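Welcome! Let us take a friendly walk through this structure, one spot after another.

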Amino acid sequence: MHFQSVAPKYAYTSLNHLKDGTIVNLYGIVKFFKPPYVSKGTDYCSVVTLVDPSNVKLTCTLFSGNVDSLPKIYKVGDIVRFHRIKIREYNGQMQGITSVGFASLTFDGTVGAPVVPRTSSKVYTFMDEEQKIVEELRVWAASNLSVCGPAAKLSGVQPMLFFDLTCQLVGKAKVDGSSFLLKVWDGTKCPYPTWKVPVEARDVEGEKVLLHQLQNLMVDILVYDNHVQLAKSLKIGSFLRIYSIHTKQASAVDEDVSHIEFHLHGGTCYGRGIGVLPESNPDVKELKDFNFPLFGFWLCVCIIIIRKFFLILDFESRLQRCQQLPVTVLTDHQDLNNTELKTILNSTAPQQYRIRAKLRTYKPQKLYQSIKLHCSKCNSLQEVPDGDDFDFILQGSAITAPNAELQNTSWYDSVMWTTQDEKQRKIAIHFVKHDEMLQQPEDTLLMIEGGTLKEVWKLTKIFKCVIPVRSTEEDLELLDLSAPFLLQGNIKYYGCKQCSTPKPIKSLSSIAKQINLFSSVLGIELLQYVFIMKFTLIDGTGALNAYLFDYEKFFQIPASEILSNNFLQHKMQMTMNTLCPPGGKLDDLPWLECFIKSYNVRDGMKHQVYYQIFDTTVAEDV
């Protein structure tokens, strides 16, 4: 017998017929969306609000570990098809969330545009009758839905404006831990003098010729907080749509003329975010066809071709050299000559040496175990507490109800409520004022009493800094220093029990935003996250154990972020796999150039010499 595969026919539910607890297929028109952003953990999240001719609204919260599997939505008015989305009722409203097997297609919502689905999936069905659904939704949206977003060209921007910009990335640079610089253009010129973010030219990634050629057409956009990780990953030359950019008018102290600043603030309110557009996108085609000066566009193309040509020519010679070149970089003391390990082992301490060796083994093998907390005052080391310890301390502090007399002071405003569960816990949140005013959530410091671990973590996703506290008769106070005294994003800050002398919380009323000031005014000796590892180094003359004691210089990764960031953990593991390939033969191990110093340690009558790596960093191309 001959069997013929038949594509399944799907039933689609209109938004006014959704029921709680069902898994459905549906079509909808995008009325609002947030571009994908990194949620708690490693998943990406996108929020999409849909409407259809039934005039019912559905907000969908979509999660995926792969950003490419989320809907490729570029603007309000796009049409989406969701398969296997779960419906649940919350506060009387239907919501959509991803379920097992969730899949999506996205279509341009413009009447008359080709009906071509956007998807990362290589296998999907799209029946002829579904094309009619898309075309009917386009016609309905054109008459019933305002899809004109706040888009603008650089030539049309005004001060105090929030707008979406379609542009090309020309350069990028790190500014500090919470902000990142994007240099972009859209082929038009801003009518106002624009702010140039103060970064060194050598720190800007991009084609130098093009950066110079477009210096009068580019604008600097400073992106903050949760947008930084995505901004770092963007490829030079890619086309972007940056949503809800804020233009501010300002002037420097030494300037008479004001200038325009471009900011993409942290958070995802109002759809703030960054989307990467394919070159097939109609807006990109319009940008390239009509707005880009031909010289700049073709110069960019030629530079890319030339770079690829030389990369191919250079590949084999680089491959031959990679086994001989060291995989580490020395950052100081270039006058020191290499010393054999045998000589070092037979020398007295303390001394400094430059060595060329191979990494035979390292400990700990589980790299997350290398992260410790260090007190620079008493030089003590301790393990990073786990979440269970913190949860236990929070539960203990919640036994005592917040003191109502300590609420709504001159320097913070308070909100208190009772939970609806059987315990009926009382929770108080105190919002610290800045210059006698409350700030936007992403800039706000708050204190919480009576919260659970889950509630505290939720607050860190919204507010800049969170301090867990409890009430006494006279003032608020910090919890036991076994718990973090401050949480910022995914990072927990701890204080040294031995060296800290906690002060009253009211000391906070006079401080600015820096973490080091938080700890000093509260009488806390801040514990710093460090990498502690033992390397066994060999060079053919001997073997030597050297300790790595490093905050962020060696791996070029902050130790404070490694435990809460899976990407950085993977990067660190890949680095160690390069320095010490698992199962690799001795001859195949790469060479490391390091500075090490010897020092004496006395324990009673015993005397030992130890060695520590210093002023050495892993090469960027490892």
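With a relative accessibility of 17%, H265 counts as buried, where buried means under 20% relative accessible area, exposed over 50% and partly exposed in between, using a 1.4 Å probe and protein chains only. This is a predicted model, in which local features need pLDDT of at least 70, side-chain atom pairs count only at pLDDT 80 or more, and totals for chains, interfaces and linings use all residues. Residues are numbered from 1 along each chain as its sequence is written, and side-chain values use heavy atoms, leaving out hydrogens and water.

H265 sits in the loop between β10 (259-264) and β11 (273-277); helices (H or I, at least four residues) and strands (E, at least two) are DSSP runs numbered from the N terminus. Setting aside neighbours within four places in sequence, H265 has contacts (heavy atoms within 4.5 Å) with Y224, H227, H246, R272 and E442.

Now for helix α8. Its residues 453-460 include the buried L453, V456, W457, L459 and T460. Viewed down the axis of α8, these buried residues fall within an arc of 160°, so they line one face of the helix; the arc is taken from the directions from the helix axis to the C-beta atoms. On the other side of α8, K454 and K458 are exposed.

| Element | Residues |
|---|---|
| α7 | 387-397 |
| β17 | 426-432 |
| β18 | 445-449 |
| β19 | 465-471 |
| β21 | 486-488 |
| β22 | 491-493 |
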